[in-house]
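Please work through the exercises below with the sequence and the model in view. Each task is followed by a solution in steps.

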Amino acid sequence: QSSKEEQEVELLSGLKGLEILFREQIEILNSNDTCYVIGGTRGTEEEATQAFFEKIHLLREQKKIRTKMLFNLRQKATTESLYSSKKYPGTTTRYIPHTSPVAINVYKDRTVIIIFGKKVTAIHIKSQDAANSFMEYFDLLWKQAKPWFWPSKSCFAFYFDFVYKESSLAVQFPFVRDKFMNFIHKNNNWIAWTVPRNRVLA
């Protein structure tokens, strides 16, 4: 049934593009709904980006939208000062020793992949299949997230499941697969190393 649902992919750039996406996120989520976040580093415009997400997070909290977040251990002090559960009772945060220029938001049938670089770029996917796939990855990391946890190579490889040629999501979203994978291999060699090289990305 899910394969027959309407599926959309759009590309937005800059903080204005993010503003459109996250205002829409707040509109479609109801009180006690949950937004799942895998945080990334914030690129060259870190102060402006951080201020933007603080504003969005406050709006989520005011609407009583719950947020579960995964961040890098190196961001723990900053994250706890900005998004502590005392300040935001609806927020729960765990940490993993993983750094990436890519952040992911999953909510309802939506997935937003944010690439932080000289200019912020976001890929917005409306697909229940895609959201379910990324939620499996989130749940896997969430259950194992501890200060001393180091995810296995296969765990990170799952992160890129949708870019593989034989993946149903890769077939549905070849544009997302190609753009995302090219960016990763250009900008983050360590993450690129975790992806099995015997997989065909053409």
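**Exercise 1.** Does Lys 64 count as buried, partly exposed or exposed, and at what relative accessibility?

*Solution.* The model is predicted: local features need pLDDT of at least 70, side-chain atom pairs count only at pLDDT 80 or more, and totals for chains, interfaces and linings use all residues. Residues are numbered from 1 along each chain as its sequence is written, and side-chain values use heavy atoms, without hydrogens and water.

Step 1. Buried means under 20% relative accessible area, exposed over 50%, and partly exposed in between (1.4 Å probe, protein chains only).

Step 2. Lys 64 has 55% relative accessibility and therefore counts as exposed.

Step 3. Lys 64 lies in the loop between α2 and β3 (66-72), and its phi is near 65 degrees, a positive value in a residue other than glycine.

**Exercise 2.** How are helices α1 and α2 oriented to each other?

*Solution.* Step 1. Helices here are DSSP runs (H or I, at least four residues), numbered from the N terminus.

Step 1. The axes, lines fitted to C-alpha atoms over the stretch in contact, come within 10 Å and cross at roughly 10 degrees for α1 (residues 14-28) and α2 (residues 46-62).

Step 2. Angles under 35 degrees count as roughly parallel, and α1 and α2 are therefore roughly parallel to each other.

Key: Axes are lines fitted to C-alpha atoms, for helices over the stretch in contact, and angles run from 0 to 180 degrees between N-to-C directions. Helices (H or I, at least four residues) and strands (E, at least two) are DSSP runs, numbered from the N terminus. Angles under 35 degrees count as roughly parallel, over 145 as roughly antiparallel, 65 to 115 as roughly perpendicular and the rest as oblique.
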